[in-house]
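Please consult the sequence and the structure below while reading.

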Amino acid sequence: IFNQMSRKDTVTVYIRNTTSPYSIIDSSKGNIDSINFSGVYRFSNVTTGSYYIVVKHSNCIDVWSKAGGITTNDSAISYYDFTTSASQAYGSNMVNKGNKYCMYSGNVNQDGIIDASDMSLVENAKSIGLSGYVSTDINGDYFVDASDLSVVDNNKDFGITVIRP
């Protein structure tokens, strides 16, 4: 609604080969800023070439960069913005919120699909009044409640899954 996240959050970014089996070349963990949706990630094993960028968050569907990957130069600072268009993600696997494209939330168990098992985890966390920085807090307000269940239920009904090469 306000084109910002409810809090800064941690994601892991993987650099993967563009050919099967899409091996991980490097990874970096860092924070995404809640206002401008950006983060700084450092990679020491990336050389000039084409790669997929994969973003992983504790309760979201992994997002892979656009088909064919991106080309990088090992001596330059690279910049990739997933938020400008759904086509920045492989299979356009993002949702438009305000003027940004965002990851789908609700993949609590990290199995690549938002389904009844994720609903069950959120329902259980809600029933015991779980709070804090937990994967079942889908909307980032530090409380697991009906609003979190609603997000998972909607994305479950849309059949949201990881889309990758």
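## Contacts and a pocket

Leaving aside neighbours within four places in sequence, His57 is in contact (heavy atoms within 4.5 Å) with Asp9, Thr10, Val11, Met103 and Gln110. The model is predicted: local features need pLDDT of at least 70 and side-chain atom pairs count only at pLDDT 80 or more, while totals for chains, interfaces and linings use all residues. Residues are numbered from 1 along each chain as its sequence is written, and side-chain values use heavy atoms, with hydrogens and water left out.

His57 counts as buried because its relative accessibility is 10%; buried means under 20% relative accessible area, with a 1.4 Å probe and protein chains only.

Met103 touches Val55, His57, Cys60, Ile61, Val63, Met94 and Val95, not counting residues up to four places away in sequence. Met103 and Val13 are 90 residues apart in sequence and 13 Å apart in space, C-alpha to C-alpha.

Which residues line the second largest pocket? They are Tyr14, Arg16, Val54, Lys56, Asp62, Trp64, Asn107, Gln110, Asp111, Gly112, Val162 and Arg164. Strand S1 (9–17) and strand S3 (49–56) are the elements that give two or more residues to this lining.

How values were computed:
On a 1 Å grid over the protein atoms alone, a cavity is a set of points where a 1.4 Å probe fits but cannot get out, and a pocket is an open set with protein on both sides within 12 Å along at least five of seven lines; lining residues have an atom within 4 Å of a point. Helices (H or I, at least four residues) and strands (E, at least two) are DSSP runs, numbered from the N terminus. Buried means under 20% relative accessible area, exposed over 50%, partly exposed in between (1.4 Å probe, protein chains only).
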